[in-house]
Amino acid sequence: MKLSDFKKHLKGKEKIAFQLPNGSLVPNHFHVTEVGAISKKFIDCGGTLREEKVINFQLWEENDYNHRLHPEKLIHIIELSEEKLNLEDNEIEVEYQGETISKYGLDIANGIFMLTTKQTDCLAKDACGIPEKKKVRLSEIPISSSNSCTPGSGCC
């Protein structure tokens, strides 16, 4: 989710909720302790120079049950960050403490911000000799009678 989309979804909300990929909610007494711009320059394993830019939110929760982050306050923090850090309208990456700091993508469903899993990937599969995965529809796979099952045959 881009920063502009996040701000649009915040407007008019009474409260903010984040859901982890396992379905549990980030406790509602969380704080956004950082809003930042992260720029990463790197070379992939195929030798291609790359650059990635994201907006980073760091969520943190402790035993401070008396303070809740309201949408208006978060919008103010974001607007201040846009002004002071010259934030671009990039994708948001969310950090949250699990067993270690975990990084998530961000989406929204039913008014709840969903923390989505992120995966590593080889960006130069062709240079590494990794074959491209092809998607095949099961209905397009030819079936021969010698290796097929028929209903009631007891093979399944």
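Visitor: Leaving aside its neighbours within four places in sequence, which residues is Asn90 in contact with?

Guide: This is a predicted model, and that should be kept in mind throughout. Asn90 is found in the loop between H2 and S4, and leaving aside neighbours within four places in sequence, its contacts are Met1, Lys2, Leu3, Lys53, Val54 and Ile55.

Visitor: Is Asn90 buried or exposed?

Guide: Asn90 has a relative accessibility of 16%, and because buried means under 20%, Asn90 counts as buried.

Visitor: How many helices and strands are in the chain, and what pattern does the chain follow?

Guide: The chain holds 3 helices and 6 strands, and when it is read along the sequence they follow the pattern α-β-β-β-α-β-β-β-α. The radius of gyration of the chain is 22 Å, well over the 15 Å that the globule rule gives for 156 residues, so the chain is more spread out than a compact globule. Along the principal axes, the C-alpha atoms fill a box of roughly 70 × 45 × 30 Å.

Visitor: What share of the residues count as buried, and what part of the contacts with a separation of 6 or more comes from residues 24 or more positions apart?

Guide: Of the 156 residues, 28% count as buried. Among contacts with a separation of 6 or more, 65% are between residues 24 or more positions apart.

Visitor: Which residues touch the most other members of the largest nonpolar core?

Guide: The general idea is that, in soluble globular proteins, nonpolar side chains tend to be buried together. Here the largest nonpolar core has 26 residues, and those that touch the most other members are Phe6, Phe18, Phe57, Leu59, Leu106 and Leu115. The elements that give two or more residues to this core are helices H1 (3-10) and H2 (71-85), together with strands S2 (31-43), S3 (49-60), S4 (92-97), S5 (101-109) and S6 (112-116). To take one of these residues, Leu106 touches Met1, Phe6, Phe18, Ile92, Val94, Phe113, Met114, Leu115 and Thr116, when residues up to four places away in sequence are not counted.

Visitor: How many aromatic pairs does a search of the whole structure find?

Guide: A pair of aromatic rings is described by the distance of the centres and the angle of the planes. A search of the whole structure finds 5 such pairs. In one of them, the rings of Phe6 and Phe18 have centres 6.5 Å apart and planes at 20°, so this pair is stacked. The pair links distant parts of the chain, with Phe6 in helix H1 and Phe18 in strand S1 (residues 18-19), 12 residues apart. Phe6 is buried, with a relative accessible area of 0%, and Phe18 is buried as well, at 1%.

Visitor: What describes the pair of Phe6 and Phe57?

Guide: The ring centres of Phe6 and Phe57 are 5.1 Å apart and the planes stand at 70°, so the pair is edge-to-face. Because Phe6 lies in helix H1 and Phe57 in strand S3, the pair ties together parts that are 51 residues apart in sequence. Phe57 is buried, with a relative accessible area of 0%. One aromatic cluster is formed by Phe6, Phe18, Phe30, Phe57 and Phe113.

Visitor: Which residues of H1 are buried?

Guide: In H1 the buried residues are Leu3, Phe6, Lys7 and Leu10. These residues cover an arc of only 95° around the axis, which puts them on the same side of H1. The buried residues of H1 pack against S1, S3, H2, S4, S5 and S6. After H1 comes Gly12, whose phi is positive, near 85°.

Visitor: Where is the place of Lys41, and does it count as buried or exposed?

Guide: Lys41 is in strand S2, and at 64% relative accessibility Lys41 counts as exposed. Not counting residues up to four places away in sequence, Lys41 touches Arg50 and Glu51. Lys41 and Lys53 are 12 residues apart in sequence, and their C-alpha atoms are 8.8 Å apart in space.

Visitor: Where is Gly23 found?

Guide: Gly23 is in the loop between S1 and S2, and with a relative accessible area of 37% Gly23 is partly exposed. The C-alpha atoms of Gly23 and Ile130 are separated by 34 Å, and these residues are 107 residues apart along the chain.

Terms used. Residues are numbered from 1 along each chain as its sequence is written. This is a predicted model: local features need pLDDT of at least 70, side-chain atom pairs count only at pLDDT 80 or more; totals for chains, interfaces and linings use all residues. Side-chain values use heavy atoms; hydrogens and water are left out. A nonpolar core is a set of buried Ala, Val, Leu, Ile, Met, Phe, Trp, Tyr and Cys residues joined through side-chain atoms within 4.5 Å. Buried means under 20% relative accessible area, exposed over 50%, partly exposed in between (1.4 Å probe, protein chains only). Helices (H or I, at least four residues) and strands (E, at least two) are DSSP runs, numbered from the N terminus. Contact means heavy atoms within 4.5 Å. Rings of Phe, Tyr and Trp (its six-membered ring) pair if their centres lie within 6.5 Å; planes under 30 degrees apart count as stacked, over 60 as edge-to-face and the rest as tilted. The arc is that of the directions from the helix axis to the C-beta atoms. The radius of gyration is taken over C-alpha atoms; the globule rule is 2.2 Å times the number of residues to the power 0.38.
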